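Subject: Structure handover

Hello,

Here is the structure I promised to pass on. Please open it first, then read my notes below.

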Amino acid sequence: MAEYKLHCFAQSGNAYKVALYLTTTGADWDALFVDFFKGGHRSEGFTKQNEMAEVPVLEHGAETFSQSGVILDYLTETTGQYGAKTDRDRREILRWLLWDNHKLTANLATGRFMANFLPEDKRNPDVTNFLIGRAKAACHVLENRLAKRDWIVGGTPTIADFSCIGYMYYEDEIPIDFAKFPAIQAWKGRMAELPNWAHPYDMMPGHPLS
Ligand SMILES: N[C@@H](CCC(=O)N[C@@H](CS)C(=O)NCC(=O)O)C(=O)O
């Protein structure tokens, strides 16, 4: 049995943040499929592990964690990789994790969901446009940050990068012109050079949707 078990599905950028971390650090991990589109995250078995009914969930020995930011923080302790080197950087990483969850991922993920996965008769273009507008504003913030530096915090990749990259490789499913964000595009290229990088659809189960 693998050391880490990640409850995930291929369309989940939040799960990808952790899956990519586990993969590039060479951790021994297995993906446990959550059938999200059939309500698997709301099942009794799943909510016993995570009362928030959200993917991802990580199991490690007797410990179970949810919230990708918390999981990434935990993994920096167990693997010793991609964490902060100073107290100042630790706070900077936390600042970007909070921002990512609130402004970047929240809007990118929900806008993408509305545009691609919600049944067509339930889609509301006004809501989608609002979310994508918010996501674009967040992308401008990230673009400005990355225009003068290779990584979000410090001089090497950290879990802040793993968090913010979560949805970036699903670009074909997000109605944003990413060509207008050259620093983000270059950073995605650098992340894709990390060991064993793969696209989320090739890293986690459940693609294509059946
Ligand atoms: N802040 C959470 C967000 C997790 C999240 O929203 N996951 C999605 C799947 S990508 C989910 O399970 N959503 C369930 C729902 O909104 O009902 C994290 O970083 O783990």
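One definition to start: a polar contact is a pair of N or O atoms within 3.5 Å; within protein, one must be able to donate a hydrogen and the other to accept it, and residues adjacent in sequence count only if both atoms are side-chain atoms.

This is a predicted model, where local features need pLDDT of at least 70, side-chain atom pairs count only at pLDDT 80 or more, and totals for chains, interfaces and linings use all residues. Residues are numbered from 1 along each chain as its sequence is written, and side-chain values use heavy atoms, with hydrogens and water left out.

**The ligand**

Start with Ser 68. An N or O atom in its side chain is 2.6 Å from an oxygen atom of the ligand. The protein covers 75% of the 510 Å² of accessible area that the ligand has on its own (Shrake-Rupley method, 1.4 Å probe). Val 55 uses its backbone: a polar atom there is 2.7 Å from a ligand nitrogen. In Asn 14, a side-chain N or O atom is 3.4 Å from a ligand oxygen.

How many residues surround the ligand? There are 14, and the closest are Ser 12, Val 55, Gln 67, Ser 68 and Asn 101 (near means a heavy atom within 4 Å). This shell has six nonpolar, six polar and two charged residues. Here Ala, Val, Leu, Ile, Met, Phe, Trp, Tyr, Cys and Pro count as nonpolar, Asp, Glu, Lys and Arg as charged, and the others, Gly among them, as polar.

**The backbone**

Val 55 comes up again here. A cis peptide bond joins it to Pro 56, with omega about 10 degrees. Pro 56 is in the loop between α2 (44-49) and β3 (57-60). Helices (H or I, at least four residues) and strands (E, at least two) are DSSP runs, numbered from the N terminus. Ala 53 lies in the loop between α2 and β3 too. Its phi is positive, near 55 degrees, and Ala 53 is not a glycine.

A cis peptide bond also joins His 207 and Pro 208, with omega about -5 degrees. Pro 208 is in the segment after α8 (200-203).

Last, look at Asn 196. It sits in the loop between α7 (182-191) and α8. Its phi is about 65 degrees, positive although Asn 196 is not a glycine. Is Asn 196 buried or exposed? Asn 196 counts as exposed because its relative accessibility is 56% (buried is under 20%, exposed over 50%, partly exposed in between; 1.4 Å probe, protein chains only).

Best wishes
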